Amino acid sequence: MFIVKNRNIFYLLSVVLIAASLVLSVVWGLKFGIDFTGGSLLEISYSPPTTPSAAEVSGALEVAGITDASVRPTGETGYLIRTPFLSQDEYGAVKEALTSGGAWSYEEKRFDSVGPVIGNELQSKSIWAILLVLVVIALFIAFAFRKVSHPVSSWKYGFVALICLAHDVVVPVGAFAVLGHFLGAEVDTLFVTAILVVLGFSVHDTIVVFDRVRENLKKNTEKNIREPFEETVGHSVHQTFARSVNTSLTVVVTLLALYFFGPEVTRYFVLTLIIGIIAGTYSSIFVGSPLLVTLEKIQKKPADAPVQNKKNKR
């Protein structure tokens, strides 16, 4: 009951998180990767002891005619080089320039190249994919809980789930606005994939709690127990709390191991999952179920008003 009774505190925390995420996203914006903007991305690792500095690598690229390249160190001897879209000839010239006439030796770890038209198309499709998933999940939950009409209508379960899922999207976006501004973290198709995974994980947690609410409501009806909806929800949250937290904690611990010991290329993908799963677990427990209670109380007020008026008239 602690969570439900103190729901306004958790509402406030969520509002602060969402507001901060939206403000930071607008002020700093997201740093989109080549998947969305188009361009070429080359990751290389030089062989010691002939490891050039970032300035020397930039100078070598200028020799090849690439004047607006971004060179970011990765690890002790590696660099992540982002350039405008490279043709096959330009790519060959860049590879030759990065050896500085054979003075440097390096290993190419990856090379990605996306045209600007394809990048814009991917950006549009990614946004529509996330919106479509949100709507379909909300509709599915409303359908799944269609037999639960008292004291909260089934469509309100879907509405609450939609709010929680929007919360779970906005928070990672705000986090990447900060990471992009200070660390150069980019938003790419892996980020979108991670968001879709988070939505699936989050709605699972939400349904677990909602389903327990449904079971307890059914049990109260069968046993003719008159229990306030607030108490029913509070008991349901308490009964599923350990399961939700333990499941999420297990996943987060695994992801942390992958973040620290996994490859560099998946690091921000894993970080998105960690942030999203933590946000999703929080919203499912501390926001979703309490919101049902808030909606139920709002729903009761209009019905109580006529009774109060009649008493006043007497």
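Trainee: How much of the protein chain is buried?
Mentor: Buried residues (under 20% relative accessible area, 1.4 Å probe, protein chains only) make up 44% of the 314 residues. This is a predicted model: local features need pLDDT of at least 70, side-chain atom pairs count only at pLDDT 80 or more, and totals for chains, interfaces and linings use all residues. Residues are numbered from 1 along each chain as its sequence is written, and side-chain values use heavy atoms, with hydrogens and water left out.

Trainee: What's the pattern along the sequence?
Mentor: It reads α-α-α-β-α-β-β-α-β-α-α-α-α-α. That is 10 helices and 4 strands, taken as DSSP runs (helices H or I, at least four residues; strands E, at least two) numbered from the N terminus.

Trainee: And what box do the C-alpha atoms fill?
Mentor: Roughly 95 × 35 × 30 Å along the principal axes.

Trainee: Which residues have the most contacts inside the largest nonpolar core?
Mentor: Ile141, Tyr157 and Phe229, in a core of 44 residues. A nonpolar core is a set of buried Ala, Val, Leu, Ile, Met, Phe, Trp, Tyr and Cys residues joined through side-chain atoms within 4.5 Å.

Trainee: What is Ile141 in contact with, leaving aside neighbours within four places in sequence?
Mentor: Tyr157, Gly158, Ala161, Val203, Ile207 and Phe210. Contact means heavy atoms within 4.5 Å.

Trainee: What lies apart from that core?
Mentor: Another core, of 16 residues. Tyr46, Val71, Val94 and Leu98 are among them.

Trainee: Switching topic: how many positive and negative side chains?
Mentor: 27 positive (Lys and Arg) and 26 negative (Asp and Glu), with His and the chain ends not counted. The centres of the two sets lie 23 Å apart, placing charges at NZ of Lys, CZ of Arg, CG of Asp or CD of Glu.

Note on methods: Buried means under 20% relative accessible area, exposed over 50%, partly exposed in between (1.4 Å probe, protein chains only).
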